[in-house]
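Biologist: Please take a close look at one part of this model, the interface between its chains. I would like the contacts and what contributes to them.

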Amino acid sequence: MDPYSAEGELINIHNHFHQGQFQEVVDFDTSSFSSENALPAKVLQLRARIALGQAEDVLAEVKGKSEPELEIVGALAELTLGKTDSAVKTAEKLASSAPENVTVQVVGGIVLQASGKPDEALALLSQHQGSLDAVALIVQIQISQNRTDLALKEVTGARRWAQDSLLVNLAESWVGLRVGGEKYQQAFYVFEELAQAPATSSAWSLVSQAVCELHLGRTEEAQAALEQALQKDPENSAAIANLLVLAVVSGQDPKEWTEKLQKVEPQHQLLADLEEKSELFDKAATKYKAKVSA
Amino acid sequence: MQSSPGMLTKFESKSSRAKGIAFHPKRPWILVSLHSSTIQLWDYRMGTLIDRFEEHDGPVRGIDFHKTQPLFVSGGDDYKIKVWSYQTRRCLFTLNGHLDYIRTVFFHHELPWILSASDDQTIRIWNWQNRSLICTMTGHNHYAMCAQFHPKEDLVVSASLDQSVRVWDISGLRKKHSAPTSMSFEDQIARQNQNQTDMFGNTDAVVKFVLEGHDRGVNWVAFHPTMPLIASAGDDRLVKLWRMSETKAWEVDTCRGHFQNAEGCLFHPHQDLILSCGEDKTIRVWDLNKRTAVQSFKRESDRFWVIAAHPEINLFAAGHDNGVMVFKLERERPASATHLNQLFYITKEKTVKSYDFQKNVESPTLLSLKKLGSPWVTPRTLSYNPAEKSVLVISPADGGTYELVNLPKDGSGAIEPTETKRGSGNSAIFVARNRFAVLNTSSQVIDIKDLSNNITRSFKPPAGTTDIYFGGTGNLLIITPTAVHLYDIQQKKSTAELSVNGVKYVVWSNDGLYAALLSKHNVTIVTKTLEQVSTLHETIRIKSATWDDAGVLLYSTLNHVKYTLLNGDNGIVRTLDQTVYLVRVKGRNVYCLDRSAKPRVLQVDPTEYRFKLALVKRNYEEMLHIIQNSSLVGQSIISYLQKKGYPEIALQFVQDPTTRFDLAIECGNLEVASEMAQELDRPKFWTRLGMEALSHGNHKIVEISYQKLKQFDKLSFLYLATGDHSKLARMAKIAEHRGDFTSRFQNAVYLGEVEDRIQMFKEIDLYPLAYMTAKSHGLDEECQAILEATGLTEEEVTMPTIGAPLSPCKPIVPTHKANWPTKAGSQSVFEKALMGQVEGLSLEDQPAADLMDINDDAADESAAKRNGGLLGEDDEDVAGWDMGEDVIPEVEGDFVNVDSADAGGAGGSEADLWARNSPLAADHVAGGSFESAMQLLSRQVGAVQFAPLKPRFLEIYQASKTYLPASAGLPPLVNYVRRTLDETNPREVLPLIPRDLEHLATDDLQRGYGSMKSNKLEAGINIFRGILHAILVNAVSGEDEVAEAKKLIASASEYVVAMGIELARRELGATDDVAKDPAALKRSLELSAYFTIPKIEVPHRQLTLMSAMQQAYINKNYNSALSFANRILANGGSRMPIERANKMKAQCERNPSDAIEIDFDQHAEFEICAASHTPIYSGDSFEECAFDGSKYHSKFKGGVCRVCQVCEIGKRGSGLKLFA
């Protein structure tokens, strides 16, 4: 039986993970799990801990372990700690030695994508055998490469065999936010359902909901959702970044959020991007000057 | 005898003696039966002989067309009546029975009857349907020369050399033949022999009247078409008019004038005239009512034998000894003149009327010209003098007369002219407000006369002058048969001459710059200095012409309205069912006069010539408009465009892929070409596309073409040239799969892969080569292995001298990632305009830099298209690789898949699309394309200093993306915030621009007002500048919002200027310090006064006025203070300032004088220079900021605008664009 199916042991912990409820994942009681599910559950818990910022502990824990699952999780931890080279090395090694291992595929895919190797990531992920995690990841990578068309194809394909899965819904919503129009509202429904039910609500789902609302032009609702997210997780960089955007969109001064983001995640892509554009502006502006200087 | 000038010959044929003529009722055909036994069918309009019918033996005298059937009948001296079909061009049957020459034959107008008159003294009626003789009328006792049916009643009239004219009643015959009868042949024979009474005592045809009066034989007789009148012509040289009633007939009068046998006569179908012809070689026209001669026409040597009238139109024909002539009795061209929106013309009743083009109404009769010339001659030309409201009319009567008549203010019925000035002349026109020119062709003198008809000057025109026309102010156009002269009246000399044959009319364009010279078959367009611009030839006669307002000449021929552009391009606008004379074109309406001098309006479609004109003038806006608003599609326009060298425009009209492909290649539009190639997908097209793309340097398209064509070698080389090693490697693999060793070797060489080469040599047993390769690259192990495999030792191998190993250069630039700078395709401004990407369409406004821009845009565009194209191309891509895939084993199938997936690579982001989708700077900023945004702003409003805009740029940019957390461990997904919420088409999506107009008006503007009120000017000036910057980079939702934005810009600009003035005043120093320095004090007072000038909101103006008043009062400038107080009072509004002003007024009025003279004229209108804060009085030259409209003294030109701090003062732009 598929351990991720509705009756499977892993369904809840897996869903918690993908709903961004990382603490719940860590606290999940896995003692009753059958032996073949113990390792995937362990991997999820380790990944959740990494997401919670305990990468060093995780790294220490998996050190010396020979299971490719744990090794690749170690690579993820290394990546999070900024040791990109070693992480990529591990990932590439595992990609060739154990390419059919689904954890290697998924976590390795993350490592490779995060270190700027989308093609390799896709190559690794494309070997999956019906893993929704892999599908979701492929979708995300393709979206980030602006290949909405391919992402859409992937989602549509997955929907055929995994209709009401959380991950398919999420992936579809991600694509929807790129397509726009009616899809904004559909994506909103998915995230709202997650964000508003106490059992599934997380800063992560609240931010997602807020992003949808922002795209739908409902700035006040977006503001409320983001503030809620910050209450749950005051240092959530995604919430802060989107609050920054929201402030600008509604014509306010985003200074507060810019500073906060700088404190929480100075290397956030928004800031990096802004920096780059600021330089671009200065460079472009030098091409023009008045005939007579004042 | 003087030949009448009114008779106009339209056609003449040369042949033997013509004895019979018949007009076709509808077509421009005439049948002529000749003495030589031939029957000719002519097209008299084209002047061509259509057919000849030769079956009669001897002269053919009688001929007639059937009114409706394609038949005609002829009767000859061979006693035969023949019925012919002109369609099958043969004789259908022959009616035999007459025993002598047949003189005339005629069809009945409705019954299937033929009436014939013969020298056998009988008149017979035949049924041509059953081809039988149905009636024989006997009674004449000499040759029956002519017999005709009455056009309506059951009557026949006949003429005979027995000197009588007989009228026959054939109502019995009709009765019998319309009744159902079953008569045997014997019965018929019996009846015929019964002396025309049948068994019931009825008679088929009985003589009703016998008209006697001619003294000799009668040659011709004719019924009047409507009245009970008969005309006859006889050898007694007389034409007699008879009248009949129910019971009797009598002679009315005789027309005397022919001095030889009168051979033919007829009634004019529409006018009260009789025409006759005779052996005295004349055609004569008689007044039916007075029986007096009206006109006569004499031929030199040919006797006239027969005359015929066209049943419908004003056309006659006469047969003579040497052929036939077709003629008109009078000119049908109505005399007319146009002035502004009025047409003045002379009706057939010889009255002057006017017609208003705008209201489409005819005026009542303005003037009657009945008394001018002879009653039967209508005036030839009309010249109108708008200053005097008078007309000058030329009549050809009496050798040419002119008449100068004043028009009444408003006509009511036929008004006899009160005062006229007359004189003789053949041509007369107004040349000035109070002068007109009269040409007398016989004396060859042109007189210039004043309005009292006195000659003021007079001169001899060039020899042979036939006509004169207006030639522009102070000039005449003098027409001679071979040339046109431009004649200066003052200098009395010809200033220019152009040899054009046979010019008949001159039509000036509305702007007076061009004139069209019309001759019978040519239109020559000349400038006002008589330089030829173009000329064209028409085979059909040209009738009239008029100019379109845009400078297109529309002219009418007999059957078409056509146009010609100044460059001679011409075409048909519409066909005509009857001849008209064009007088004016306005929009889709062509106004004209028809032959009966009635104004008519014809609808035309001006699209084609407008389009061509726009093309010639390169008026792309107009072309764009036409293309978008009309269905101007068709082969003709496409081939026209192609011929004229505008394939890129033709491209816009074509749907057919092949044609589109051809055109796209021709104009180098590779995007379209590759799209079409995809659609057509045939090697031929891919080859051409590849070649074209290669010449453009567009290697991406070259690659696709090669892929489609499976040209592996070329593809490999292309990858080598573009440095795309990964694809080269793939080519190597493909070569391996294909088992193509040459290709594999080639790719290995390109890649510098020695091992692969060695491996391959080994595979194909070329060990020596493998060894040599290994050796030369220093691969000793490999060498060893080869030696082992071949069982040789190193010593056994003799090696040639080995050079340095070859290795391909490493690519430095990843050329394969993007195209080289491609050759600029001939993508026209026009095409860009179609895509809505060009700002100001007018070319001359765009400096060269802008043209560069367009090319940049074009490159962008093509990149976008390419990406877009590739998105959809994946499947085809795979198809292109079909062959490779077949050869590649199944396991490797993925490889091709991967290849096709990353052949597209990462797609363009939505942000990139924004810049392509929109011509607005704000959208480019949101897409992160700051450079193009700056270019746009620089072009639109002359922006040069962008630093102040940086916050705005970054603000917009920051608002463009959201961050959606997705998989843990990966950076969030970026999504793009749109303002087009419902749009999903990537080509239509546009970004959200923060701080829209509404936000600015409700938020920023109010804050600005607040700071003004609370006297926080430093903050305020920044807020208002911020507003300006925010509008400068913004997008609005419609034209109405554009207007609103403009208002906001103007208002913010005024505030910035006002605050700037006051801040400058405060910078002068503390009040006490200023008071000590007279210059500073004066300046301070001036600035406080100027502060009141900008057009800011009234409550704020009151503040400035109060401040100025206060300042003036403190410094004892009571007069100024008084004026400020007065202005406060005039403004009204809240109580506080009014009270203060009243108080101040009371105090100042006691001593209205100024202690300190300042440069401030309270009464003058002026603006404040935003840089120097000094007045710009009206009349002073000044410069403006193209964006905010702030004014500057000219010396500040080229500096940065002090108000917006972005644009260059005095630099013009295409205007800020906020809405696409």
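The interface of chain B and chain A

Modeller: Across this interface, 19 residue pairs are in polar contact, both residues at pLDDT 80 or more (N or O atoms within 3.5 Å, one able to donate a hydrogen and the other to accept it; residues adjacent in sequence count only if both atoms are side-chain atoms). On the side of chain B that touches chain A, the elements giving two or more residues are helix 18 (848-880), helix 20 (893-904), helix 23 (930-941), helix 24 (950-958), strand 57 (961-964) and strand 58 (973-976) (DSSP runs, H or I of at least four residues for helices and E of at least two for strands, numbered from the N terminus). Helix 24 of chain B gives the most, six residues. By class, that side has 30 nonpolar, 17 polar and 12 charged residues.

The model is predicted, so local features need pLDDT of at least 70 and side-chain atom pairs 80 or more, while totals for chains, interfaces and linings use all residues. Residues are numbered from 1 along each chain, chains are lettered from A in the order written, and side-chain values use heavy atoms, without hydrogens and water.

In contact terms (heavy atoms within 4.5 Å), 59 residues of chain B meet 59 residues of chain A. The buried area (accessible area lost on being put together, 1.4 Å probe, summed over both parts) is about 5100 Å², with carbon and sulfur atoms giving 61%. In chain B, Gln958(B), Tyr963(B) and Leu970(B) lose the most area to chain A, together 13% of what that side buries.

There are three salt bridges between the chains (Lys or Arg side-chain nitrogen within 4 Å of an Asp or Glu carboxyl oxygen). One salt bridge joins the side chains of Glu931(B) and Lys287(A), at 3.7 Å from N to O.

Terms used:
Buried area is the accessible area (1.4 Å probe) that two parts lose on being put together, summed over both. Ala, Val, Leu, Ile, Met, Phe, Trp, Tyr, Cys and Pro count as nonpolar, Asp, Glu, Lys and Arg as charged, and the others, Gly among them, as polar.
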